Amino acid sequence: MEQGCCRPSNHGSAEGRYLRLLPLSQRHGVVWMKVIKEGGHRLLANDAETAALVSSMLLDLEKNGLDAVRRYSEKFDRWTPTDFELSAAQIRDATAQLDPQVVTDTRFCQDNVRRFAQAQLATMLPLETEIRPGVTLGHRHIPVNSVGSYIPGGRYPMFGSAQMSIIPAKVAGVKNVVACTPPVDGKGFFPATINAIAAAGADRIFVIGGVPALALMAFGMGVVEPVDILCGAGNKFVAEAKRQLFGRCGIDLLAGPTEIMVLADDDADPALVACDLLGQAEHDPNSGIALICLSEEFGRRCLAEVEQQMAVLPTREIAAQSWGTNGRIYQAENSDEAVALCDDYAPEHLELHVENPDWYFDRLKNYGSLFIGEETTVAYGDKSIGTNHILPTSRAARYTGGVWVGKFLKTVTYQRMSPAASVEVGLVTSRQCKVERMLAHAITADVRVQRFGGS
């Protein structure tokens, strides 16, 4: 059966009761599922126009430094302050503008992130082992020296993003964290963002957006020390800048539009499932929204709930675009197929609304962050619960996790040997090198065999 073909049906609507069958990738064998609602999914792709524009900007920014930063800031953000860096007084003033409850709640959220990062760090132990007599190998975890944190603005001032890159870096032991956040369309900055950045522990704060912000942090421009890692989400221009700057410095990951997948069985609450799907749909018209269920009847109840809740959703202008274009509802034949579907999609966020979550927990492999049971939801992870919300999208969860304290640590190895071990290993090394015809390598082993072998 070819991908995209249809099983005969007596019903006539492609998004109604007419059920289309699609195969999964060959990693899972030939698996078929019913499609109750089909939708697209915008993945990271090569955008030649964006790549060319960003490349031109980065060349200009590296050559002309702050002059180019100021020029682009005026062009794109109508923002030309005397100094892009905020002073201690400006930071204090920003916090003073806030409702005290905002400050208290931000502290609550950041305390959770910090506690989890500290617990993660405690698992990362140094290692030293004698693998054979006289041969000692080990590893150490060394923090990078500097991190550049980008805290996005745009449609929503996502000030909670500040803690997700700054706090794990500081817990890891990073000495210098430079933070950049875009201005609010010529009006300065969002006070809650500045408070969050400062409370998270950033050493310096700049109000600069987009590609110029990443260039400042990566190149230094005589203003800051060039960073070792760039971290944080942003629009397609920010993602492309990170892609092009990788190698010049490290990056956390390349993030596309946000994603949610809910896996729900017939015992789940359709109203709650629909609520959580719409919770992510408001992010962006390109958000990926998917539901895997185990019966057509339940899937249709969820579809009806989404439509009903959408009608009164305050952010329905964006959510309706996202759901209409990218919303998917698939019916799996059984629990095993549901797991295969989830792993193939490899979502950024995966919620389990099922009777036996432990069964799924033991089998699911590909996700950025897992939300187990109806008591938790993606918004908790995004804002307050303590796990990181900088997560892999666009099926990158097949090969990486999200940002965590380990992202800012280099695991480096070392070795030491006794004279006798040097001889034993040296004889093998010399023979291996000669087979490869790398004779200078062989000589470095031979001289040690001669020196420590007593001959």
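In this predicted model, helices H6 (residues 210–219) and H7 (residues 236–245) have axes that come within 8 Å and cross at roughly 25°. Axes are lines fitted to C-alpha atoms over the stretch in contact, with angles from 0 to 180 degrees between N-to-C directions. H6 is therefore roughly parallel to H7 (angles under 35 degrees; over 145 counts as roughly antiparallel). The crossing is right-handed, the near helix being turned clockwise from the far one by less than a right angle. Gly210, Val211, Leu214, Ala218 and Phe219 of H6 contact Phe237, Val238, Ala241, Lys242 and Leu245 of H7 (heavy atoms within 4.5 Å). By class, this contact has 8 nonpolar, 1 polar and 1 charged residues, with Gly counted as polar. Helices are DSSP runs (H or I, at least four residues), numbered from the N terminus.

Residues are numbered from 1 along each chain. Local features need pLDDT of at least 70 and side-chain atom pairs pLDDT 80 or more, whereas totals for chains, interfaces and linings use all residues; side-chain values use heavy atoms, without hydrogens and water.

The axes of H14 (residues 419–435) and H15 (residues 439–452) also come within 8 Å, crossing at roughly 155°. H14 is thus roughly antiparallel to H15. Their crossing is left-handed. The residues of this contact divide into 9 nonpolar, 5 polar and 3 charged.

The whole structure holds 1 cavity of 30 Å³ or more. On a 1 Å grid, a cavity is a set of points where a 1.4 Å probe fits but cannot get out; lining residues have an atom within 4 Å of a point. The lining includes Val238 and Lys242.

How values were computed
Helix = DSSP H or I, 4+ residues; strand = E, 2+ residues; numbered from the N terminus. Parallel < 35°, antiparallel > 145°, perpendicular 65-115°, else oblique. 1 Å grid on protein atoms, 1.4 Å probe; cavity = no way out; pocket = protein on both sides within 12 Å on 5 of 7 lines; lining within 4 Å. Points joined across faces, edges and corners; volume = space filled by probe spheres on them.
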